[in-house]
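This briefing goes through a structure with attention to its chain contact, its strand pairing and one of its helices. Please keep the sequence and the model in view while reading.

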Amino acid sequence: MSELAGVQGIERIEDVPLEGLLEAVRAYRDRNARFITASCLDRGERFEILYLFDESLKTVAVRTFLPKGQKLPSITGVYLCGFLVENELQDLFGIEVEGLDIDYRGKFLVTNTFETPPLLKQTACELQGNKEVPS
Amino acid sequence: MSEATNVPFGPQHPVLPEPIQLRISLEDENVLQALPALGYVHRGIEKAGELNDFQQNVFLVERVCGICSSIHALAYCLAVESAMGLEVPKRADYLRVVWMELHRIHSHLLYLGLLAEAFGFESVFMEFWRIRERVMDLLEMTAGNRVIISVCTIGGVRRDIDAEQAKTIREELPKVREEAKRLVDTLLGDYTVKRRTVGKGVIPAQAALELGAVGPTLRGSGVAQDMRMAGYAAYSELQFRPVTFADGDTYARTAVRAHEVFQSMDLVLAALENLPEGELAVKFKGRPEGAALARVEAPRGELIYMVVGNGTKNLERMRVRVPTYANIPALLSVLPGCEFADVPVVTLSIDPCISCTER
């Protein structure tokens, strides 16, 4: 599965390797950017993760790729408010986040009844969408 | 030093109409720490957004929230329209403003009533909700429904507002304004209300930014940031200026919402005044390919939808970031140091919507 070529509405996407993630995020904090959220896509062998920031109403992003099975460094040492979305990444994608300040250990939103993280592509659900939408 | 006592605040609590828990550590009456417990009613709507036809998702996302449902639909439609390169007719842009601002008015009136109820001001609570009904009536008159109005569609709007309906809105809003002003003056000028809100839960501007706060929570700390300034729909043509208050406390956040009620009325009237003739929606073919992000201003703050299309009926990803989610860290930062008796009012001051949060 290919990565995003770009996102309409995001002014700039800065690609950083996993080991450079915290430094890149820290640079945004130093510029007084507001952390918006992170968004993750399951790309088969790896995850594509976008960290979104607001700079004077413009959306900018840092993107990194995380091979499945590796740990993701937590940004909570830079932006504490990232703890909610990082716990969500643990729950919904099964990503292990390392150094998370407030860690719910994969039980933030989901319960023990989930066998696989629900937002992984391998989590099979019946596709809907064969019905016509009335105009 | 006495030992800390842990008190569960919620998931069932009189000031929380929806389930969320704050696990609060107390020393005597003072809060030492608060941690949230979410997930009681998480619905997996992001996953459902991958399973539905992208057009059916409009109806799905409206059900994320019962208060700002139409604004969810707008944000989703803006994202899909951006991914598909669709240009929405001008009339649809103006009509979207009318309905979104009516939603903001009823949402803020709901908040003002709930806040009054939180400290026992029940007559004001009922009065706010009484006039809120008149705004709900306007929604019902124009859209056929009170809450989930289903006016937004990909490419425009599904319904029009005719001259007779516009006249009714123009006649009704000044009456609502007059009654709301009387109530707002009572609420914000009351000695007891001030004792319960001024200086409570103070979020300094820099902290609000660092903690990612949005909406009236951010503007109540003096930061002039409102996604309507970005000019989506017809806001760029309506001379919008954000409402801010500098003190960062519960009173300031409430004052922002109270003033936004009147500002939204002005926006509705201006949009109706300048409503251009034309089509309601642009016809389109094809399916979304590529990714797009839309940020809009919901009553509680910035709402974000990101869609990733792959040329099929089903989206590859639908990401939703709701305002309450962004405001929880700011709330957690101000509760330590508060008295336990202030926790309900301070919690309510971010106007938490758990329905949104548990999307």
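Two strands are said to pair if DSSP finds at least two bridges between them, and helices (H or I, at least four residues) and strands (E, at least two) are DSSP runs that are numbered from the N terminus. This is a predicted model, in which local features need pLDDT of at least 70 and side-chain atom pairs count only at pLDDT 80 or more, while totals for chains, interfaces and linings use all residues. Residues are numbered from 1 along each chain as its sequence is written, and chains are lettered from A and ligands numbered from 1 in the order in which they are written.

**Chain A overall**

- Chain A holds two helices and seven strands, and from the N terminus on its elements follow the order β-β-α-β-β-β-β-α-β.
- Chain A has 135 residues, of which 38% count as buried; a residue is buried if 20 or more other C-beta atoms lie within 10 Å of its own, exposed if 12 or fewer, and partly exposed in between, with C-beta atoms placed from the backbone.
- Among the contacts in chain A with a separation of 6 or more, 49% are between residues 24 or more positions apart, a contact being two residues whose C-beta atoms, placed from the backbone, lie within 7 Å.

**The contact between chains A and B**

- Chain A brings 29 residues to the contact and chain B brings 37 residues.
- On the side of chain A that touches chain B, the elements that give two or more residues are strand 1 (7–8) and strand 3 (34–42) of chain A, and strand 3 of chain A gives the most, with six residues.
- By class, this side of chain A has 20 nonpolar, eight polar and one charged residues, where Ala, Val, Leu, Ile, Met, Phe, Trp, Tyr, Cys and Pro count as nonpolar, Asp, Glu, Lys and Arg as charged, and the others, Gly among them, as polar.

**Strand pairing across and within the chains**

- Strand 1 of chain A and strand 6 (residues 289–298) of chain B run parallel and are joined by two bridges, with Ala292(B) as the bridge partner of Gln8(A).
- Strand 6 of chain B, with eight of its ten residues buried, is joined by ten bridges to strand 7 (residues 301–310) of chain B, and these two run antiparallel.
- Strand 7 of chain B is largely enclosed by the rest of the structure, because nine of its ten residues are buried.
- Five bridges link strand 7 of chain B to strand 8 (residues 317–321) of chain B, which run antiparallel, and Val307(B) stands opposite Met318(B) there.
- The hairpin of strands 7 and 8 of chain B has six residues between them, and Gly311(B) in the turn has a positive phi of about 85 degrees.

**Helix 2 of chain A**

- Because ten of the eleven residues of helix 2 (residues 83–93) of chain A are buried, this helix is largely enclosed by the rest of the structure; Phe83(A), Glu86(A) and Leu92(A) are among the buried ones.
- The buried residues of helix 2 of chain A pack against strand 3 and strand 7 (97–98) of chain A, together with helix 11 (323–334) of chain B.
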